[in-house]
Amino acid sequence: MSNRPLNVGLIGGGGGAFIVQPHQRAINFDGTRRVVAAALHPDPATATREAAAWPYPIKGYESYDAMIADQAGKPVGERLDYALIVTPNFVHFDPAMKCIKAGIPVFCEKPLTVTLEESDKLVQAVKEHKVPFAVSHTYLGHWTTRLARHIVRSGLIGEVRWVDSYYLQGWLADKAEDSNNMQAEWRVDPKRAGASCCGGDIGTHALMQLRYITGLEVTRVRGQLETFVGGRQLDDHFTTYCQLSNGGKAMVRASQICIGHKNDLRIEVNGTRGTLYWEQEQPERLVIMLPNQPDRAYWRGAVSANDGFLGDLPEDLMAEPNIPAGHPEAFHDAFARLHRGFEADVRAYNDGKPFSNDGSKYANVVDGRIGIAFVEAAVRSHLKDMAWVDVP
Ligand SMILES: NC(=O)c1ccc[n+]([C@@H]2O[C@H](COP(=O)([O-])OP(=O)(O)OC[C@H]3O[C@@H](n4cnc5c(N)ncnc54)[C@H](O)[C@@H]3O)[C@@H](O)[C@H]2O)c1
């Protein structure tokens, strides 16, 4: 097998963009992937100018259409191995669909699309064209999130009764969109963000943590979308009460008006035998609470099998953390772990071999679609005075 680095093309990322930066660092993290091309901006001149000024050499394109068209007919090794889509929500569907049809694997930012109809089309297209497709749910990339998944899914805290999964921020507590904040400006516009600002932007992360760790689905939802900042069209506070597929219940909620909260993503899972919680701002630690026992804090890099609570641990999980505990991993490491998982599937795809794309190492297109279905169901419930609504 060739060890040449995979070639990645960026779609979006110019003009002071935010999330492209952690991604491009994570792509370059292991030396086995590298950014080689980009369509950085909707304005062609800006796109090529910014590509020329990128901190390392990349090929600039005037548009993502031009970048995708330029891949046609090129052999593996000369063409892009995957495209990273880091544009606002309303510019996910079109480039993603064009890449899929051109046989280019896609790593797309969340929320997947602005409508469920578009998400359904992407799911169908991925099925037909059989290309690896990742959705960027960052927090699945923490080693501790993977340990949490193992613990809950192997029944160590019993049957799940109740989950509280939330993501609280305070950066939209005032009208940031009126002060030239480019990230705020499109997020509060229904045409560019979708049916929900807060729910789509960060509620989908809270939902994905719940689904990834527990393996459960939200089957029905009661939703309340609030807008605390006057003059805003979309919600800045999103609360749902959920029915889970095993009969348990959950709250999945998010807010962008909670001053003082930065990226306060937290999940607590209450089972019949114990409780687990994990916090994004303390991402190296996973806490287990069992009846009549001292609480157990598991730190990445300092976990061993058969310790009186954990049984045997999956080999691939234990093979992973190679930096000693106490040298903290964080946000960029989580992104890198997602790209690493995706890289394995892309290499298999390039070699014409089966690839898993099963959601265990990164969220896939079906996960992305479920996020949109959940948000749209919450919006429908909100409009029906918080009636129960099925998540399709
Ligand atoms: N996974 C996470 O943790 C996370 C965090 C932040 C944002 N996001 C998601 O990432 C996406 C981007 O968010 P952001 O905050 O970085 O936005 P941003 O406004 O900072 O950047 C958007 C970029 O897209 C570019 N763009 C817009 N239209 C384009 C087009 N037609 N062609 C090429 N480039 C185009 C803009 O020029 C800009 O460079 C959103 O979908 C958002 O929800 C995810």
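Reader: In which loop does Asn-180 lie?

Author: This is a predicted model, in which local features need pLDDT of at least 70, side-chain atom pairs count only at pLDDT 80 or more, and totals for chains, interfaces and linings use all residues. Residues are numbered from 1 along each chain as its sequence is written. Helices (H or I, at least four residues) and strands (E, at least two) are DSSP runs, numbered from the N terminus. Asn-180 lies in the loop between strand 7 (160–168) and helix 7 (182–187).

Reader: What is the phi of Asn-180?

Author: Most residues other than glycine have a negative phi. Asn-180 is not a glycine, yet its phi is positive, at about 60 degrees.

Reader: What is the omega of the peptide bond from Lys-110 to Pro-111?

Author: Pro-111 is placed in the loop between strand 5 and helix 5 (116–129). Most peptide bonds are trans. The bond from Lys-110 to Pro-111 is cis, with omega near -15 degrees.

Reader: Which strands stand at the edges of the sheet of seven strands?

Author: Two strands pair if DSSP finds at least two bridges between them. The seven strands form an open sheet with mixed pairing, in the order 3-2-1-4-5-6-15. Each edge strand has a single partner strand, so one side of each is left without a neighbour in the sheet; these are strand 3 (59–60) and strand 15 (363–364).

Reader: Which residue is the bridge partner of Leu-84 in strand 5?

Author: Strand 4 (residues 82–85) and strand 5 (residues 106–108) are paired in the parallel sense, over three bridges. In strand 5, Leu-84 is partnered by Phe-107.

Reader: In the sheet of nine strands, which residue of strand 11 is the bridge partner of Val-160?

Author: The nine strands make an open sheet of mixed pairing, ordered 14-13-12-11-7-10-9-8-16. Strand 7 and strand 11 (residues 264–271) run antiparallel and are joined by eight bridges. The partner of Val-160 in strand 11 is Gly-271.

Reader: At what angle does helix 9 run to strand 10?

Author: Axes are lines fitted to C-alpha atoms, for helices over the stretch in contact, and angles run from 0 to 180 degrees between N-to-C directions. Two residues are in contact if their C-beta atoms, placed from the backbone, lie within 7 Å. Helix 9 lies across strands 7, 8 (218–226), 9 (237–244), 10 (249–255) and 11, and its angle to strand 10 is about 145 degrees.

Reader: How far apart are the axes of helix 9 and helix 12?

Author: The contact is made by residues including Gly-199, Gly-203 and Leu-207 of helix 9 and Gly-371, Phe-374 and Ala-378 of helix 12. Helix 9 (residues 198–214) and helix 12 (residues 365–383) pack at about 115 degrees, with an axis separation of 10 Å.

Reader: How many Å separate the centres of domain 1 and domain 2?

Author: Domain bounds, from an automatic or database domain assignment, divide the protein chain into domain 1 (6–139 + 335–364) and domain 2 (142–322 + 372–383). In contact are 15 residues of domain 1 and 20 residues of domain 2. Taken over C-alpha atoms, the centres are separated by 25 Å.

Reader: Which residues come nearest to the ligand?

Author: A residue is near a molecule if its C-beta atom, placed from the backbone, lies within 6 Å of it. The shell around the ligand draws at least three residues from each of domain 1 and domain 2. Of the 25 residues around the ligand, those that come nearest are Gly-12, Ala-17, Phe-18, Ile-19 and Glu-109.
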